[in-house]
Amino acid sequence: MATKTIDPLTRIEGHLAVKVDVDDNVVSDAWSAGEMFRGFELIMRGRDPMDAQQITQRICGLCPVSHGVASIYAQDDAYGLEVPGNGWRLRNLVQAGNYLQDHISHFYLLSAPDFVDLARLGAYEGDDPKLSMLRDWLRSQDPSPGLIQAAPLLPRYDADYLSEPEFADPVLRHYVTAFDIRILGHKMTALIAGKQPHTPALVPGGITLRPDVKILTAYATMLDKIRRFVDTAMIEDLLTIARRFPQQFNEGRSYGDYLVFGAFIDDEVTGGRYFPAGAWIDGRLEPLDLGAITEDLRFSMFDSTSGLAPLQSDLSPAPDKDGAYSWIKAPRYLGRPMEVGPNARLVVGYHQGHPDIKRLVDWFMGETGMHLDQFNSSLGRHAARVLETKLIADRTVNWLRGVRLGAAEPVCARFDVPREAVGVGLTEAPRGALGHWLEIRGHKVHRYECVVPTTWNCSPRDDQGRRGPMEQALIDTWMADPDQPIEAARVVRAYDPCLACSVH
Amino acid sequence: MSGYTRRDFLKFGAYFGAVMGLGGAAAPTLAAALQRLTESRPPVLWLHGLACSGCTVSLLNSENPGPLELLTQHIHLNFHATLSTATGSVAIDVLEKTIAAGDYVLVVEGSIPATMPKACRVNHEPIGELVLRATRQAKQVPGADGSLQPLVVATGACAAFGGVPAAENNPTGATSVGDYLTQRGQAARVVNLPGCPVHPDWIVGTLAHVLGFGLPELDDAGRPTMFYGKTIHDQCPRFSDYESERFAEHFGDDGCLFKLGCVGPEVYADCTVRNWNGGASDCIQAGAPCIGCASQDFAREAQFPFYRMNPAFPKILAKKAEG
């Protein structure tokens, strides 16, 4: 048996180290270690509750909007606010723009290099201007000792990549286009919310922007460009990868229990959210029960009491705690490790009979021969993310059409911060279920707690010793060369880990 | 800007060849020589401390140059944890080769957990130690006293001034990169690029200036004056509202945003004239107050005002009334 460590595990957000035991080229055990802690929940204590949406956005530069939205939902709840139509629709537009850029960034910028050989750019023979630019750049690399050749695109692990020109070239063309397309998602967000990352316009009660026709038209134009890219490039590339790496539908299998908090207020959908809340446990659909959430700490670097519900526990960092190997806590639902993310949203939505989800998922399963159960796999996680990108891009058109213009249209409810209150804000970050819990005493934050998607997915073992979902997914991964563990890295990256979020 | 493509060099090569009477055959050699001028510029090494990667994402929002043009035609980014294809041992190999060869432009995103080294590690090494090691080998520039010192570009609020991780209650002893290096007795010329996140133009413009023209002019806080020379308030699109004392009372109102917590008079940055995300908007255009993310005081004390009246406001108004 050999132990291999992937540290730093790059092309994700943040500081993650993954350790695996390998027997005869097969992973027999795995450990996920979050390597960064800042203490946001301690920093929030004693502050004005209005600080929360700004402070907590700084948890993550990839999905700040998700934290901003969870925070203002928690405050809406604590202050008892009715958000006007323009308020929730514009919030959705902010969140949607960030989802689109985030999913496109993950599929292309971060993940595509695991599937398509970037070294092939040097052999490109077509006339695409950007690919030609990259080819010339690759061929003209200066061999000075201080320069890493073709960094940051190379070097990479030697592995089985998509390299046949007829398949690889379109993916590479879309890969280079994606760098510019994802910018549009952020521009859409900035049009409504001022800037991105870290938007200033999200506030309790609604939003600060009074929209005008120019903003909405610009948003619509960029949304249309993204929708075309998703339809003509992203979905096609997913199919190419699915056909070339069908075994990836069986790799990275985890527990298959899913949790969804629900996202995007939508008055035309039952339950009020476009992605509805729910849990899929042991092959059964269950309604979401917030009381079932606890956080285990036995293997996490905290010496506070383990197994408590959000807002119940103190946060006491203990970097030298015996046996602890990660800064990530181990949240559990009914005591079980749960997977969150696009695959959770699609599986739960599918079983709830969500018409858009059902139609798209059925189509994809027909095209690829994949089974619903195989969303519990590395390729299933990527597929869910790509399919969801289309669902969101298409649905955003409705939210945009619902925005009303005119000085008489309110964008934000009025409020005062109460002396004592408790609020919960639930949404879905691109990476999965996100909850913010807020307790106000004497007009100040008494406690604030975030339970975050990557905390669920990349958690260490719980008090019973059960591995976190990603650790479990690594078990039985076969590796051609354990010294170049790309197969394990693929399993990890399919989760789109965000380490800054997971520990915060 | 070092905005030359290989095609440009072929063109220049042909041009110089013709000027010097060498004919077309000499052009490729000349082109190669000219191209080497840019490529022999130092590589960039980007390290992450207590960071959210927001500055990384902001870098990717750069336009003209766009991200791929930036990475391939303008800078040579040896290592960056979010962008490098290299992972695990391959990434460590790249990182160590880069540090061993030295003479790179070091960029640090995020603050340093000075009192809790385990709060941020790369391959078991506390980030503070890695940043210290990387600083010693970085490209040297004249320091404030004229002596040669390693250059460190501290990008974003956290690296420049500590940011949210260093806010009140700070459990990790998070500190800015400049303060950390001082604590460790390491001399360095630290260029601070505050902002949460950094604006793409601020980081790309600074790198381009360093690589093409040398160190830009810096103020006493190490900020390039080309970006941080004036206050938000002095460049505010709602300045006339302030002058005529039309104040927004509620979110969504027209008018100066002082009563909703704007700290623009105390913040040096050019957001309101540069705008964010390729000119899409900025905080004040979206009806939101400047929250001072480029300020040295940003979020630092629990009293720092987000969306509530800046305690300095009555004083500023009184001064205004005095004329």
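Colleague: Which residues are in contact with Arg47(A), leaving aside its neighbours within four places in sequence?
Modeller: Contact means heavy atoms within 4.5 Å. By that criterion Arg47(A) touches Ile55(A), Lys444(A) and Val445(A) in chain A, and Ala167(B), Ala299(B), Glu301(B), Ala302(B), Phe304(B) and Phe306(B) in chain B. This is a predicted model, in which local features need pLDDT of at least 70 and side-chain atom pairs count only at pLDDT 80 or more, while totals for chains, interfaces and linings use all residues. Residues are numbered from 1 along each chain as its sequence is written, chains are lettered from A and ligands numbered from 1 in the order in which they are written, and side-chain values use heavy atoms, with hydrogens and water left out.

Colleague: Why does Arg47(A) count as buried?
Modeller: Buried means under 20% relative accessible area, exposed over 50%, and partly exposed in between (1.4 Å probe, protein chains only). Arg47(A) has 0% relative accessibility and therefore counts as buried. Arg47(A) belongs to the loop between helix H1 (40-44) and helix H2 (52-57) of chain A.

Colleague: What polar atom pair involves the side chain of Arg47(A)?
Modeller: A polar atom of that side chain lies 3.2 Å from the backbone oxygen of Glu301(B). A polar contact is a pair of N or O atoms within 3.5 Å; within protein, one must be able to donate a hydrogen and the other to accept it, and residues adjacent in sequence count only if both atoms are side-chain atoms.

Colleague: Why is Ser295(B) classed as buried?
Modeller: Its relative accessible area is 10%, so Ser295(B) is buried. Ser295(B) sits in the loop between helix H12 (271-274) and helix H13 (313-322) of chain B. Beyond its neighbours within four places in sequence, Ser295(B) is in contact with Phe161(B) and Val267(B). A polar atom of the Ser295(B) side chain is 2.9 Å from the backbone nitrogen of Asp297(B).

Colleague: What span does helix H6 of chain A reach, and what is expected?
Modeller: Helices (H or I, at least four residues) and strands (E, at least two) are DSSP runs, numbered from the N terminus. The expected span is 1.5 Å times one less than the number of residues. H6(A), residues 165-193, has 29 residues and reaches 42 Å from its first C-alpha to its last, close to the expected 42 Å.

Colleague: Where does H6(A) bend?
Modeller: The bend at a residue is the angle between axes fitted to the seven residues ending there and the seven starting there. At Ala178(A) this angle is about 40°. H6(A) is also mostly covered, with 22 of its 29 residues buried, and Gly194(A), just after the helix, takes a positive phi of about 100°.

Colleague: What makes H9(B) a mostly covered helix?
Modeller: In H9(B), 10 of its 14 residues are buried, among them Trp202(B), Ile203(B) and Leu207(B). The helix, residues 200-213, reaches 19 Å, close to the 20 Å expected. Gly214(B) follows H9(B) with a positive phi near 90°.

Colleague: Why does the radius of gyration of chain A agree with that of a compact globule?
Modeller: The radius is taken over C-alpha atoms, and the globule rule is 2.2 Å times the number of residues to the power 0.38. For 504 residues a compact globule would have a radius near 23 Å; chain A has 22 Å, which agrees. Of these 504 residues, 70% count as buried, whereas in chain B buried residues make up 64% of 323.
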